[in-house]
Amino acid sequence: MEIGWMRNRRPRQVLLFFVLLSMSVSRADLGPYSVVEETERGSVVANLGKDLGLEVGEMSTRGARIIFQESKQHLQLKVQTGDLVINEKVDREELCGPTEPCVLHFQVLLEKPLEVYQAELRVKDINDHSPVFTEREITLKIPENSPLENVFPLNNALDLDVGNNTVQNYKISPSSHFRILTRQRSDGRKYPELVLAKELDREEEPELRLTLIALDGGSPPRSGTAQVLVEVVDINDNAPEFQQPVYKVQVPENSQVGSLVATVSARDVDSGTNGEISYTLFQPSEDTGKTLEVNPMTGEIRLRKQVDFETVPSYEVDIKATDGGGLSGKCTLLLQVMDINDNPPKVTLSALTSPIPENSPEMVVAVFSVSDPDSGTNGKTISSIQEDLPFVLKPSNKNFYTLATKRELDREERTEYNVMITVTDLGTPRLTTELNLTVMVSDVNDNAPTFTQASYTLFVRENNSPALHIGTISATDRDAGTNALITYSLLPPRDPQLALASLVSINTDNGQLFALRALDYEALRAFEFRVGATDRGSPALSSEALVRVLVLDANDNAPFVLYPLQNASAPCTELVPRAAEAGYLVSKVVAVDGDAGQNAWLSYQLLKATEPGLFSVWAHNGEVRTARLLGERDAPRHRLLVQVRDNGEPPLSASVTLHVLLVDGFSQPYLPLPEVAPERAQADSLTVYLVIALASVSSLFLFSVLVLVGVRLCRRGRAASLGRCSVPEGHFPGHLVDVSGMGTLSQSYQYEVCLTGGASGTGDFKFLKPNF
C-alpha cells in the first residue's frame, strides 16, 4: 500500500493516500487456514493463541477479536482458549461461485497494545453437486453427406463444484456412427463434441437417439445425463461462416439494460432455406445467459441486465449461426467490463476509545479500515480529518488506520470533539464517505480551587449575637464531578495568641462564616486569618485566601469624667477672685469616652447652677468661665452641674458637680467647709483660705509627679491589659471637644490625662500644672 499526503491551499489537511495492491506488511500474515465446506458449526479451525505466541487468557486481556469485511461473521474467536471455530456452516458455492481457490480474508485485531494481523480462510470444495445439463434433450440436424470425423459441438453440463469435483469427462451410449470427445475452454470448462465415425444414410436411419453422460472427478463421482436426438437431413453442403472468429468488445459497467454490445455477422452461400441464418448463444453459462441476449435475425447482442465490474469483470461466450439446412458455424465474443467509479469508499470502525482522560500523552482513539471495490485509480483513496483538531491519522497494516491524539487534551478547554473522517477515492467523479466520531474527554483533577478574591474584608458591629453570619467566601473549580466539589476550612492562624476557634467558624460546604461569640471593639478591633478551599479529587488540590475582620464600634460606653474627681471624700472646690473679669477661666471639666470615632466625640453643657447666668461652660472643650463681672452681692459659694454627652446613637452622658468659691484675693487662706457648716465659717479670714490653697496646690503637684512615674511604669509592664485613652479621629464639630494630645485648651493650659479601668469603677489621673 502506498500512502500519499496531499495539501490544500485553504484548509490544511492531513491526507493519507494508499494503493491496496502494494504495501509492505509490518507483520507476517497468519495462516492460511483451511476448512471443508459444510463443516458443522463449532468445529475448531485453528488455535490463534498458539500462532500468535500468546498464553491462555492473554487473548482476553489484550482484547483480541476477528474482523470480516462482509457483514457475516463466518468464524468465531473464543478468547478464553484462543480457538478459532466455525460460526456457521460455510457453503463454498454460495460464497465464491466458480472462483477457485475460495479465500475469505479477515483480520485479527489486538487492542492492547494495538496490533493487526492479516489472515485468510480457504474453503475447500466437496463433491456435493451433480452435473446438470441445461437441456434434457439436445437435437442435432446432420446432413447425410457429412464427412467422417466431422465435429458437432454439444451443450456442456453445469456443475457448481470446482476443481476435480466439477465436470471432467463426457461419455455417450454405444453407437457405431458417433464417438464423443471432451474439450476444454480457456476458462477451464469442459464441453463435449460429437464426432461422426460412420457415414449417415437418411433413408436407412432418419434419426438416432444417444445418451450423453457427464462425469465429475469426485470420489465417488457424480453424473448427469441428457438425450441427444440426431436427425439426418438432406444435403446442405455450405455451413454459415462468421466474418471474424473472435469479437472483442468493451462495455462500461454503468451501461443501461438493452444497450448494444456488439453485432456479429455470418454468411451462407447456399440459397433458399439453406441460406437463411439464425443466431443463438452457444452453451452460455448461467450468468452469461442472464446477462446477454442475441437477436436471432440481426445478430445484435444486447444487455439483459446491468453488468458490474466488481462482480464479473469479463464474459466469454460462443455465438452460433445455423442455416435452414441445419449447418452451423460459431464465433467467440470476448466482453470486457470497463470499471467506472461507482462505489464509494467503505469505512469500517474496528475500535473506539471514548471518553479519554485529559492530560494523557499521545494515545490511540480509534481504529478503522478503508476499502474500495473499484479498481485502478478508482480504488485509490485519500483519508483526512479537520485541520483544527488535536488528532492525527496514521496508517497501520494494509488498509487499517489509527486515529491518535497529537498532544495532551484539556477538558476545561473542550469537553468533546466531533471528528469527521473523510475518505475520498481518486476516480472521476470522486466519491466520498464520511464517518463521524464523537470523542469525549474525561476529567482529571488538574485545577486547584480558585477564590473569587485574594482577600476578603468583613465588617462586624460589636456586641453581636453569637452564631451571627458575618460573610461568605467563595471559590470555584474548573474541574467537573467530584473533582469540582469544594470543602472550606479555617487554617491555623499565624498569630499563636489569636484564639481563632473561639471567634469564628466556617460552613465546610458553602463557605459561610459565623461569629461564635459577641465581639468587643474596645478589646479586639480587628483580626485576620486564612481560609482554605480543598477539592475532592485524588490527589486533592487546595488554595487559600486571607480574611480580615474589622469590628465596628457601637456606642456602649458612657463618657467618664476625669476631672474633677467624683469619688473623693471631699468635694473639689474652685477658687475665683471677686475681681475676676468676664471670661475668667474657673476650671475645666476633663472627660474621656472608651468608644471610637463619632461615638467618642464629646460635648459639654451646664445643666444647673446656683445662680444662672453667672457661669458658662464651653461646649467644645469643657472650660468653665465667668459670664460676667462678679459683684459684692453675688453669693460666695456656687454649685454647678455639668453634663458630658457623646455623639453616639443613642447618645450616652455623664454629669459632674463643680463647687466654686468666690474669694476677695488668693492671699487670704481659706479652708472649704461642707455646705452644712454654720454661718460663722463664712467670716473666717482670707489668710486661712490662702494657706489652704497653697497647701492644696503643692499636694496636687506632688501627687501628679507620683502618678506620672507610676503610669509610665504601668504602661511598660501592662501594655497588653491597659486600655488606651480613646482619641476621636477626624474633624471635630464645633460643639465637640477633643481630649487627645494638646486638646482644645487655650495656649496657657495643657492637661495630660490617663484613665485606668478597674473593677472598682474608679480611675487615676494626672493633672499637670498650667504652662504660662
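I began with K290 and E286, whose side chains meet in a salt bridge at 3.4 Å, N to O. I count a salt bridge when a side-chain nitrogen of Lys or Arg lies within 4 Å of a carboxyl oxygen of Asp or Glu. Both residues sit in helix 4 (residues 286-291), four residues apart, about one turn of the helix. Helices here are DSSP runs of H or I with at least four residues, strands are E runs of at least two, and both are numbered from the N terminus. K290 is partly exposed, at 49% relative accessible area. My classes are buried under 20% relative accessible area, exposed over 50%, and partly exposed in between, with a 1.4 Å probe and protein chains only.

**Ground rules**

I am working on a predicted model, where local features need pLDDT of at least 70 and side-chain atom pairs count only at pLDDT 80 or more, while totals for chains, interfaces and linings use all residues. Residues are numbered from 1 along each chain as its sequence is written, and side-chain values use heavy atoms, with hydrogens and water left out.

**Whole chain**

I looked up the totals next. The chain has five helices and 52 strands. Of its 772 residues, 43% are buried. I then took contacts, meaning heavy atoms within 4.5 Å. Among contacts between residues at least 6 apart in sequence, 66% join residues at least 24 apart.

How many salt bridges does a search of the whole structure find? I get 24. Side chains of opposite charge can pair when their charged atoms come close.

I picked out R65 and E111. Their closest N and O atoms are 3.0 Å apart, and they form a salt bridge. R65 belongs to strand 4 (residues 65-68), and E111 to the loop between strand 7 (102-110) and strand 8 (115-124), so this pair ties together parts 46 residues apart in sequence. R65 is partly exposed, at 28% relative accessible area. E111 is also partly exposed, at 32%.

I moved on to R530 and E544. This salt bridge has its closest N and O atoms 3.2 Å apart. R530 is in strand 42 (residues 526-535) and E544 in strand 43 (residues 542-552), so to speak of sequence, they are 14 residues apart, and the pair links distant parts of the chain. Is R530 buried or exposed? R530 counts as buried, at 18% relative accessibility. E544 is partly exposed, at 43%.

I also noted a network of salt bridges that links R92, E93, E100 and D125.

**Disulfide**

I searched the whole structure for disulfides and found one. The criterion is a pair of cysteine sulfur atoms within 2.5 Å. Which cysteines does the disulfide join? C96 is joined to C102, with S to S at 1.9 Å. The link of C96 and C102 is right-handed, with 65° about the S-S bond. Both C96 and C102 are buried. I checked C331 as well: at 2% relative accessibility, C331 counts as buried.

**Sheet 46-50-49**

I traced an open sheet of three strands, in the order 46-50-49, with antiparallel pairing. The edges are strand 46 (585-588) and strand 49 (615-617), each of which pairs on one side only. Neighbouring strands in this sheet are turned by 20° against each other on average, direction ignored. For that angle, axes are lines fitted to C-alpha atoms, for helices over the stretch in contact, and angles run from 0 to 180 degrees between N-to-C directions. Two strands pair if DSSP finds at least two bridges between them. Strand 46 pairs with strand 50 (residues 623-626) in the antiparallel sense over three bridges. K588 has E623 in strand 50 as its bridge partner.

**Sheet 20-24-23**

I traced another open sheet of three strands, ordered 20-24-23, with antiparallel pairing. Its edge strands are strand 20 (260-263) and strand 23 (292-294), and each pairs on one side only. Strand 23 and strand 24 (residues 300-303) run antiparallel and are joined by three bridges. What is the bridge partner of E293 in strand 24? I find R302 there.
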